[in-house]
Each structure stands twice: as structure tokens, then as C-alpha cells.
Amino acid sequence: MIDHMSDRRSFVKTAALAAAVLAANDAGFPAIAKGASPMILPPLPWADNALEPVISKTTIGFHYGKHHKTYFDNLGGLVAGKPEADLDLVAIVKGAAGKADKTAIFNNAAQVWNHTFYWNSLRPKSDAKMPKEIADKIDASFEGGYEGFKKEFSGAAMGQFGSGWAWLVAEGGKLKVVKTPNAESPLTTSATPLLTLDVWEHAYYLDYQNRRKDYAAAVIDNLLNWEFAANNLPKA
Ligand code: MN
């Protein structure tokens with residue numbers, strides 16, 4: 001009974017947060033983080049055990065509570081008393097990109113943004129159908145449709161040498177898969193990020209050890225938040 005009540009409470013909380021994220025995204029890309037202050041660490045959009053068994057509560061605990069929070073704390077220290085403290089996160093990332101004297105600000109700000117985008121790219125396993133607007137784009141953009149997308153996305157996850165990210169992005173009316181090393185993000189390009197997969201070892205090592213391919217496959221098959229991707233599509 002206690003467990004049931006606790007599940008119910010986390011479900012209500014998760015649903016409310018998910019609704020807030022979707023509502024925010026109606027305002028257009030990338031509302032999830034655009035207005036975010038570097039001073040506020042956004043909460044996870046679901047309970048810390050909601051992605052089990054694909055991603056364990058332990059992994060989420062370290063990944064959000066230690067890795068993401070450390071980037072966030074570092075950023076707060078780096079921008080304190082500087083003009084960046086008054087900017088939103090996206091403006092900080094774009095303003096610091098490619099500037100040799102702002103490498104630390106870029107790395108920490110981009111990692112804060114990338115992680116918030118990653119949490120929202122995932123959702124608990126669901127039988128919900130992919131929204132038509134994104135399904136149509138996938139069919140038009142990848143040879144073999146969804147299977148073609150899966151192959152390219154897991155290929156990007158596996159092909160990223162060392163730490164980094166695999167992304168589904170929109171560019172020039174089509175979707176494509178790209179990968180970025182370390183803290184790099186499509187935010188600094190002309191492409192619009194739709195979904196991301198964290199392929200840093202900390203994202204999967206506790207659950208999958210060296211088996212990045214198994215982690216990527218399990219997330220792609222079970223956890224990708226296609227509602228979020230659809231909401232991130234550039235408005236025609
Ligand atoms: Mn990470």
C-alpha cells in the first residue's frame with residue numbers, strides 16, 4: 001500500500017512536470033532551456049527510478065545528482081559577478097562557443113544545457129505512438145524510415161570516439177543524425193536539436209559497463225521521448 005501510494009505520488013509529480021515541459025515547448029525551440037537561468041538546476045522530468053530497468057536509479061542518482069549538478073555548480077562559480085550571470089543558458093553557450101578565454105564557461109554551460117535536454121529526451125517506457133508529424137519526417141529523412149533512423153542513431157552513439165553525444169536534429173526541412181564530442185552541442189550550429197543520447201561513460205557504466213551498444217539500443221527501443229522531439233520541430 002505504501003509503495004502504491006508512493007508510486008501514485010511520483011506519477012502525479014512526473015505527469016505535472018511533463019505537462020509543464022510540454023507547455024513550455026509550445027512557445028518554440030528550445031523553450032526547455034532557453035529561458036533557464038544559470039542559477040536554477042531544473043528538476044528531473046520523472047522520478048529517479050522511472051527509467052528502470054533500462055537506466056537504474058543509481059545511475060540517475062550519480063548522473064543528475066553528481067555529474068549534472070557539478071557542471072551546474074561550476075558554471076555558477078564561473079559566471080558569478082560576470083555579465084554572463086544575467087544571460088539565459090542558451091545565450092551563455094552561444095556567447096562562449098569558440099572563445100579561447102571562455103572554454104570553461106562553454107564546457108560547463110553546454111553540459112548543463114545538454115543534460116537538461118537529455119533528461120527531457122527520455123521518458124518512462126510507454127506504448128504511446130510516435131506523433132505523426134515526427135513519424136512523417138523520419139520516413140522522409142532516413143532510408144528505411146524508422147529502422148534507418150535507429151541504425152544511424154546507434155551508429156552515431158557507437159562512432160563517437162570517447163565522450164560525447166548523439167543527436168537527432170532538424171536542418172533544412174529534413175532530419176539528420178549528428179554526433180558531438182565532449183560538451184559540444186548542435187546549439188552552436190544552424191541545426192535544431194530534437195533528441196539527444198549521452199554517450200559519456202558515466203551515462204551507462206554502472207548499468208552496462210563497457211557495453212555502450214546495449215545501452216544505446218535499450219534507450220532507443222524503450223525510452224526516447226518522441227513527444228518532446230515533435231515539440232522541438234521548427235515551426236513551419
Ligand atoms: Mn552525462
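**Close-up 1. Two buried histidines at the manganese site of the predicted model.** H63 and H115 are both buried, and the model that holds them is a predicted one. Each of these histidines coordinates the manganese ion through NE2. Along the chain the donors follow the spacing H-x51-H-x82-D-x3-H. H63 belongs to helix α3 (residues 57-79) and H115 to helix α5 (residues 103-121), so the pair ties together parts that lie 52 residues apart in sequence.

**Close-up 2. Helix α5, the helix that carries H115.** Helix α5 has 19 residues and spans 26 Å from its first C-alpha to its last, close to the 27 Å expected at 1.5 Å a residue. Of its 19 residues, 16 are buried, so α5 is largely enclosed by the rest of the structure.

**Close-up 3. The largest nonpolar core, with 64 residues.** The members that touch the most other members are I55, F149, L168 and L197. Helix α5 gives the most to this core, contributing 9 residues. At least three residues come from each of domain 1 (27-41 + 48-121) and domain 2 (132-232). In soluble globular proteins, nonpolar side chains tend to be buried together.

**Close-up 4. Surroundings of F149.** Leaving aside residues up to four places away in sequence, F149 touches I138, F142, L168, V177, I220, L224 and W226. Among these contacts, L168 is, like F149, one of the core residues that touch the most other members. Another contact of F149, I220, is one of the buried residues of helix α9.

**Close-up 5. The stacked pair W113 and W167.** The structure holds 17 aromatic pairs. W113 and W167 form one that is stacked, at 6.4 Å centre to centre and with 25° between the planes. This pair links distant parts of the chain, with W113 in helix α5 and W167 in strand β1 (residues 164-171), 54 residues apart. Both tryptophans, W113 and W167, are buried. Ring pairs join W113 and W167 with W46, Y64, F117, Y118, W119, W165 and F228 in a cluster.

**Close-up 6. Helix α9 (residues 212-222) and its cover.** The residues R212, Y215, A216, A218, V219, I220 and N222 of helix α9 are buried. What covers them includes α5, α7 (145-159), β3 (192-198) and α8 (205-208).

Definitions and conventions
Residues are numbered from 1 along each chain as its sequence is written. This is a predicted model: local features need pLDDT of at least 70, side-chain atom pairs count only at pLDDT 80 or more; totals for chains, interfaces and linings use all residues. Side-chain values use heavy atoms; hydrogens and water are left out. Donors are N, O and S atoms within 2.8 Å of the metal (3.2 Å for Na, K and Ca); water is not among the atoms, so sites may look incomplete. Helices (H or I, at least four residues) and strands (E, at least two) are DSSP runs, numbered from the N terminus. Buried means under 20% relative accessible area, exposed over 50%, partly exposed in between (1.4 Å probe, protein chains only). A nonpolar core is a set of buried Ala, Val, Leu, Ile, Met, Phe, Trp, Tyr and Cys residues joined through side-chain atoms within 4.5 Å. Domain bounds come from an automatic or database domain assignment. Contact means heavy atoms within 4.5 Å. Rings of Phe, Tyr and Trp (its six-membered ring) pair if their centres lie within 6.5 Å; planes under 30 degrees apart count as stacked, over 60 as edge-to-face and the rest as tilted. The expected span of a helix is 1.5 Å times one less than its number of residues.
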